[in-house]
Amino acid sequence: MSSPSASLAVWVSSWLAGVSAPDDVIDAMFEWAPMHLIGAADEQTAQATGLGWPSPRADGIAGLLTTVRTHLARGASADTDPAIELLLPGPGSVENLPPKSDFSWAAIAAGEAVAVGHVGSRGLGLVPVVEGPDVLRWTVYPVDIPDHYIRDFSLGEAEYAMRDAVRSAAEALGSMQALPTRKELGDPRTRIMSAIADAARHRYPAETSERVLRVLESADRVAAILAVARHSSPTEAPTASAAAAREDLVRPLWSSVRSARLSAVASSIEESVPRR
């Protein structure tokens with residue numbers, strides 16, 4: 001699992017579907033931090049949700065689950081399922097974020113967020129930030145839930161893209177290692193396997209399909225290779241043209257990783273929703 005937001009999105013979806021227990025969600029999120037602080041983004045949100053503001057409370061993931069369930073119950077309808085969406089904004093990739101909102105600024109700064117609510121209504125935007133050693137702070141923002149979210153890939157396209165990206169990332173690592181580096185960081189293969197193992201320690205719900213797991217594991221592998229390649233290359237490229245070439249090489253690969261993760265998590269969430 002690549003981020004606290006990705007973990008929260010798939011586990012909350014499984015919990016709302018009645019497949020996972022609250023303790024399952026709490027145990028999965030404990031891997032990210034033993035302590036989770038929960039707070040509202042502003043006074044109005046605090047009044048609407050009962051969360052702490054301006055200081056968060058150490059309510060843990062159990063408190064966040066209570067907030068999510070209470071909010072969803074208010075807008076419950078026999079015709080709609082709750083919408084849960086992982087968001088991974090980055091430079092040039094801010095689709096699905098409401099323009100010029102506090103939630104959007106916070107999500108961009110964190111590089112991740114989760115939106116929860118009913119389609120076409122006011123929902124909750126959940127943004128995690130590392131507060132200190134072993135502490136993760138979740139801030140809850142109001143956010144409008146759109147009729148649909150834009151996605152770059154279908155799950156099948158993501159699976160294909162990741163197969164190609166694994167090869168391209170390995171080639172990128174090879175080309176960057178051909179450049180002189182200023183410090184020795186250890187064997188790249190060992191560092192890649194360590195990064196992959198770190199991602200693998202985060203569990204997925206039992207009902208997650210093999211195809212979704214393949215895509216997410218491939219995305220973690222590509223991300224690990226790219227991270228090692230970046231740190232194995234010189235801290236400063238020999239020339240401006242070399243720096244531009246290096247960026248052109250890795251940018252589309254990082255974009256593919258991001259799109260694949262979004263697609264796989266969205267598919268996992270859709271699969272967990274009971275058929276009517």
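Tutor: Two strands pair if DSSP finds at least two bridges between them. Strands (E, at least two residues) and helices (H or I, at least four) are DSSP runs, numbered from the N terminus. This is a predicted model: local features need pLDDT of at least 70, side-chain atom pairs count only at pLDDT 80 or more, and totals for chains, interfaces and linings use all residues. Residues are numbered from 1 along each chain as its sequence is written, and side-chain values use heavy atoms, with hydrogens and water left out.

Take strand E3, residues 113-117. E3 is mostly covered, with five of its five residues buried. Buried means under 20% relative accessible area, exposed over 50%, and partly exposed in between (1.4 Å probe, protein chains only). Ala113, Ala115 and Gly117 point one way from E3. Val114 and Val116 point the other way. All of these residues are buried.

Now the partners. Strand E2 (residues 83-87) runs antiparallel to E3, and five bridges join them. Ala83 has Gly117 as its bridge partner in E3. Strand E4 (residues 122-132) also pairs with E3 in the antiparallel sense, over three bridges. Here Ala115 has Gly125 as its bridge partner in E4. E3 and E4 form a hairpin with four residues between the strands. In this hairpin, Gly120 takes a positive phi near 75°.

For contrast, look at Ile108. Ile108 lies in helix H5, residues 102-110. Ile108 counts as partly exposed because its relative accessibility is 34%.
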